[in-house]
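Colleague: I should like to learn how to read the features of a structural model. May we work through one together?

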Amino acid sequence: MTEAVYTFNGKDITMNVCLQIRAVVNIIQEQLNLSFEDAMLEFYRSETYKTLQQTENALWAESPEFITDMFFAEREGREF
């Protein structure tokens, strides 16, 4: 059995977080007309991604669109 990378309330949510990351990167890729790899790097370098990794805040449970809006607000220097 593999070790959980992301947990919430003692439960393994690694797959949930990975699916969210993929969906958010796909939206970024489409909106910025980037390759998947470049969109992934943009997201991985963001504070939004760092926040997503802090599973206790439950950002991972929000929609990919919500997380993407947060990413673009950060990118534009706006409060979210």
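Predicted model: local features only at pLDDT ≥ 70, side-chain atom pairs only at ≥ 80, totals over all residues.

Colleague: Let us begin with charged side chains. How many salt bridges does a search of the whole structure find?

Modeller: Side chains of opposite charge can pair when their charged atoms come close. In this structure the search finds three salt bridges. One of them joins the side chains of Glu42 and Arg75, with 3.6 Å from N to O. This pair links distant parts of the chain, since Glu42 lies in helix H2 (residues 36-44) and Arg75 in helix H4 (residues 64-75), 33 residues apart.

Colleague: Are Glu42 and Arg75 exposed, partly exposed or buried?

Modeller: Glu42 has a relative accessible area of 32% and is therefore partly exposed. Arg75, at 45%, also counts as partly exposed.

Colleague: Which residue forms a salt bridge with Lys50, and where do the two lie?

Modeller: An α-helix has 3.6 residues a turn, so residues three or four places apart point the same way. Here Lys50 pairs with Glu47, their closest N and O atoms being 3.2 Å apart. Both residues belong to helix H3 (residues 47-53) and are three residues apart, about one turn of the helix. Lys50 is partly exposed at 39% relative accessibility, and Glu47 is partly exposed at 46%.

Colleague: What of Arg78 and Glu76?

Modeller: Their side chains meet in a salt bridge with an N to O distance of 2.7 Å. Glu76 is exposed, at 53% relative accessible area, whereas Arg78 is partly exposed, at 47%.

Colleague: Is Gln20 buried or exposed?

Modeller: A residue under 20% relative accessible area is taken as buried. Gln20 has 11%, so this residue is buried. Gln20 has its place in helix H1 (residues 14-32). Beyond its neighbours within four places in sequence, the contacts of Gln20 are Trp60, Ala61, Glu62, Ser63, Pro64 and Ile67.

Colleague: How does one check the span of H4?

Modeller: One compares the expected span with the distance between the end C-alpha atoms. At 1.5 Å a residue, the twelve residues of H4 should span 16 Å, and the end C-alpha atoms are 16 Å apart, which agrees. The buried residues of H4 are Ile67, Thr68, Met70, Phe71, Phe72 and Ala73; they pack against H1, H2 and H3.

Colleague: Finally, which residues other than glycine have a positive phi?

Modeller: Most residues other than glycine have a negative phi. Asn33, however, has a positive phi of about 55°, and Ala58 has a positive phi near 60°. Asn33 is found in the loop between H1 and H2 and is exposed at 71% relative accessibility. Ala58 is in the loop between H3 and H4 and counts as partly exposed at 23%.

Notes: Residues numbered from 1 in each chain as written. Heavy atoms only, no water. Helix = DSSP H or I, 4+ residues; strand = E, 2+ residues; numbered from the N terminus. Buried < 20%, exposed > 50% of the residue type's maximum accessible area, 1.4 Å probe, protein only. Contact = heavy atoms within 4.5 Å. Salt bridge = Lys/Arg side-chain N within 4 Å of Asp/Glu carboxyl O. Expected span 1.5 Å × (residues − 1).
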